[in-house]
Amino acid sequence: MTARIPSVTATQMRDIDRIAEEEFHLGLLQMMENAGRNLAQLALQRFAPSSCVVLAGNGRNGGGGFAAARHLLNRGADVHVVLATKADDLSPAAAKQLDILRHIDAPIETEPTEADLVIDALIGYGLTGAPHGRVAELIRWSEVPGSPVLSLDTPSGLDVTTGDAFEPCVSATATMTLALPKRGLLSAPQFVGELWLADISIPHTAYERIGLHVQELFARDTLVQLDPDDVD
């Protein structure tokens with residue numbers, strides 16, 4: 001890449017998402033679907049797993065994980081989804097993605113099992129403190145099998161603005177962040193691993209609304225591996 005890429009804080013990303021939804025009418029389900037499809041593609045091209053376990057939280061991150069699970073199933077992978085919360089506690093968009101999985105009889109489990117790849121879709125940029133309860137248990141479990149871990153948007157347990165890691169925090173082999181790189185990811189390579197950026201179809205004008213100029217990041221592909229030296 002020739003031009004530097006702006007990084008954003010959690011607050012800036014929240015504003016970008018709001019602008020995309022409210023001003024440009026880009027649906028949350030659309031962005032979730034784009035995230036999940038890209039996550040599945042990265043999982044296959046980078047790790048080529050025959051089996052995956054998807055650890056899914058109750059919000060946007062979990063919804064992206066559900067979408068990724070469906071795309072992986074469609075591509076022939078053996079996929080098991082583990083919920084970190086009761087289905088009744090899911091956000092409406094995440095619940096919709098789970099409903100689709102249930103209608104295609106995807107394996108929804110209560111306990112994780114060993115697999116070639118662990119997909120971490122537990123907590124996104126909305127993290128507000130140390131993970132606890134079932135989410136914390138699943139983060140700790142992710143270290144047990146010794147399988148590579150692919151995190152969606154951020155390793156669960158990492159503050160995307162400061163780069164501070166709470167206890168527990170996922171140690172990812174690779175992280176696929178969405179739309180723009182989050183600032184804290186750049187200072188925590190030991191948790192982030194390889195850093196990838198995925199297009200979820202947010203228009204450039206949404207970034208301009210908060211004063212950011214963003215180049216044509218995805219002119220060649222919807223997935224781009226980032227060199228931290230290219231990010232501001």
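The legends below describe close-up views of a predicted model. Local features are reported at pLDDT of at least 70 and side-chain atom pairs at pLDDT 80 or more, while totals for chains, interfaces and linings use all residues. Residues are numbered from 1 along each chain as its sequence is written, and side-chain values use heavy atoms, with hydrogens and water left out.

View 1. The largest pocket holds about 650 Å³ of space. A pocket is an open set of points on a 1 Å grid over the protein atoms alone, where a 1.4 Å probe fits, with protein on both sides within 12 Å along at least five of seven lines; lining residues have an atom within 4 Å of a point. Grid points are joined across faces, edges and corners, and the volume is the space filled by probe spheres set on them. The lining comprises 33 residues, of which G59, R60, N61, I123 and G124 are the closest to the pocket centre. Two or more lining residues come from each of α1 (10–22), α2 (28–47), α3 (60–74) and α5 (133–141), and α2 gives the most, with 4 residues. Helices (H or I, at least four residues) and strands (E, at least two) are DSSP runs, numbered from the N terminus. By class, the lining has 16 nonpolar, 12 polar and 5 charged residues. Ala, Val, Leu, Ile, Met, Phe, Trp, Tyr, Cys and Pro count as nonpolar, Asp, Glu, Lys and Arg as charged, and the others, Gly among them, as polar.

**View 2. The packing of α2 against α3.** The two axes come within 7 Å and cross at roughly 55 degrees; axes are lines fitted to C-alpha atoms, for helices over the stretch in contact, and angles run from 0 to 180 degrees between N-to-C directions. The helices α2 and α3 are therefore oblique to each other (under 35 degrees is roughly parallel, over 145 roughly antiparallel, 65 to 115 roughly perpendicular, and the rest oblique). Contact means heavy atoms within 4.5 Å. Residues of α2 in this contact include L28, M31, M32 and E33, and those of α3 include R60, G63, G64 and A67. The contact has 10 nonpolar, 4 polar and 4 charged residues.

**View 3. The packing of α2 against α4.** The axis of α2 comes within 10 Å of that of helix α4 (residues 92–103), and the two cross at roughly 55 degrees. This angle makes α2 oblique to α4. On the α2 side, L28, L29, M32 and E33 take part, and they meet A93, A94, K96 and Q97 of α4. The residues in this contact are 5 nonpolar, 1 polar and 2 charged.

**View 4. The packing of α3 against α4.** The axes of α3 and α4 lie 8 Å apart at an angle of about 25 degrees, and the helices are therefore roughly parallel to each other. Their crossing is left-handed. G63, F66, A67, A69, R70 and L73 of α3 meet A94, Q97, L98, I100 and L101 of α4. This contact has 8 nonpolar residues, 2 polar and 1 charged.

**View 5. Backbone features in two loops.** E167 and P168 are joined by a cis peptide bond, with omega about 0 degrees. P168 lies in the loop between β5 (149–152) and β6 (174–178). In the loop between α2 and β1 (51–56) lies A48, a residue other than glycine with a positive phi, near 45 degrees.

How values were computed. A crossing is left-handed if the near helix is turned anticlockwise from the far one by less than a right angle, and right-handed if clockwise.
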